[in-house]
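Keep the structure open while reading.

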Amino acid sequence: MKKSVICIALAALTLTACNKAEKEAQARLNNAKGMYERNEFFAAKSEIDSIRLLYPKEFKVLKEGLSLMRQVEMKEAERNIAYCDSLIPIKTEEAETLKKGFTFEKDSVYEEIGNYIWKQQTIERNVKRCYIRSGVNEKGEIYLASVFYGGAPINHTSLKVSTKDGQFAETAAIPYDGGVNYRFKDLGMTTEVVTYKGEKGIDAAKFIAANAKERIKAEYTGGKPYTIYIADGDKKAIAATFELAIVLSDLENLQKEKEKATKRIAYLQSKLDSPENKE
C-alpha cells in the first residue's frame, strides 16, 4: 500500500514536470513565431535552437519548431533574392558604362569565358615593347602580364612594383611552362610574357590602381634583373581594368547568391510539402 502511494506521487510529479516542460517549450515556440512574423529572423532561429537545447524530449514542439525554422530560412532566402534583384540592374548598368573603354576578346574554339582588354592595350597596338598589361574576364577575375622585348632573354618569372617612398607589391612566381609563362624568338629578338591570374597578381594590380598618379617602378624578377617605369597610359589601363573587375566580380557574386537562394527555397519548400511534415 505504501509503495503504491509513493508510485502514484512520483507519477504525478513526473507528469507535472512534463506538462511544465511542454508549456515552456510551447511558449518559446510561440515567441519564435512572433519574431518570424516581425521579420526578426536571426532572433527567431536562436529561439528555435534554444528549444532544441533545453527541451530535447518535447518531440511535438520540436517538430513544429523544425517546420518554423524552414519557413524562417525560406523568408531569409526570399529576402536575399530581393536584395540581389535590387542590385543586379545597378551593377549591370555600371559595368556596361565601364566596358566602353574596352575591347572584348574571346576565342570561341578554345575559351569558354571571354576577356575585356583596355583598347590601348590590345596586343596588336603594343608589339616590340616592354610593358605591363592587364585584362579581366567576364566573371571579374583580373590578370596582369609582364611583357619583355629585347635582344637577349632575361627568363623572368615574377614582378615587383614600387613607388619612390618604398611602398611595393609583388606577384607570385610563375615558373616557365610555355603557357602562362612563355617566351619565343623572332628575327633575333626575344619576347617573354608572364601572366599573373587572379590571386597571383591581385596585390600588384591593386597597388598600381591605387598609385596610378605616382611614378611606379616595375622590376622583372626571378631571372636576370630588368626594370622599367610603367607608362601613364598603362597605369590608366590597369586602374580602369581593376575598377571593371570589382564591378564584374560583384555581379558574379550577386548572381551566385541569387542562384543559391533559389535552390535553397526549392529544397525547403519540398520539405514543407512532404507528407511527413504535414502529419
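The turns below concern salt bridges and a charged surface patch in this predicted model.

Q: How many salt bridges does the model hold?
A: A pair counts when a side-chain nitrogen of Lys or Arg is within 4 Å of a carboxyl oxygen of Asp or Glu. By this rule the model's count comes to 17.

Q: Which helices do Lys45 and Glu76 lie in, and how far apart in sequence are the parts they tie together?
A: The side chains of Lys45 and Glu76 form a salt bridge, N to O at 3.1 Å. Lys45 belongs to helix H2 (residues 41-54) and Glu76 to helix H3 (residues 59-98), so the pair ties together parts separated in sequence by 31 residues.

Q: Is Glu76 buried or exposed?
A: Its salt-bridge partner is Lys45. Lys45 has 24% relative accessibility and is partly exposed. For Glu76 the value is 18%. The limit for buried is under 20%, so Glu76 counts as buried.

Q: What separates Glu64 and Lys60 along helix H3?
A: Glu64 and Lys60 form a salt bridge, with their closest N and O atoms 2.8 Å apart. Both sit in helix H3, 4 residues apart. The separation is therefore about one helical turn.

Q: Which residue is linked with Lys60 and Glu64 in a network of salt bridges?
A: Lys60 is exposed at 56% relative accessibility, while Glu64 is partly exposed at 26%. Their salt bridge belongs to a network.

Q: What is the N to O distance in the salt bridge of Lys75 and Glu78?
A: Lys75 and Glu78 are 3 residues apart in helix H3, about one helical turn. Lys75 is partly exposed, at 36% relative accessible area. Glu78 is partly exposed too, at 35%. Their side chains meet, N to O, at 4.0 Å.

Q: Which residues form a negative surface patch?
A: Asp and Glu count as negative. Patch members need over 30% relative accessible area and no salt bridge, and like charges are joined within 9 Å. The patch consists of Glu105, Asp107, Glu111 and Glu124.

Technical notes
Residues are numbered from 1 along each chain as its sequence is written. This is a predicted model: local features need pLDDT of at least 70, side-chain atom pairs count only at pLDDT 80 or more; totals for chains, interfaces and linings use all residues. Side-chain values use heavy atoms; hydrogens and water are left out. Patches are made of residues with over 30% relative accessible area and no salt bridge: like charges are joined within 9 Å, nonpolar side chains (Val, Leu, Ile, Met, Phe, Trp, Tyr) within 5 Å. Accessible areas come from the Shrake-Rupley method with a 1.4 Å probe; for residues, only the protein chains shown count as cover. The place of a charge is taken as NZ of Lys, CZ of Arg, CG of Asp or CD of Glu. Helices (H or I, at least four residues) and strands (E, at least two) are DSSP runs, numbered from the N terminus. Buried means under 20% relative accessible area, exposed over 50%, partly exposed in between (1.4 Å probe, protein chains only).
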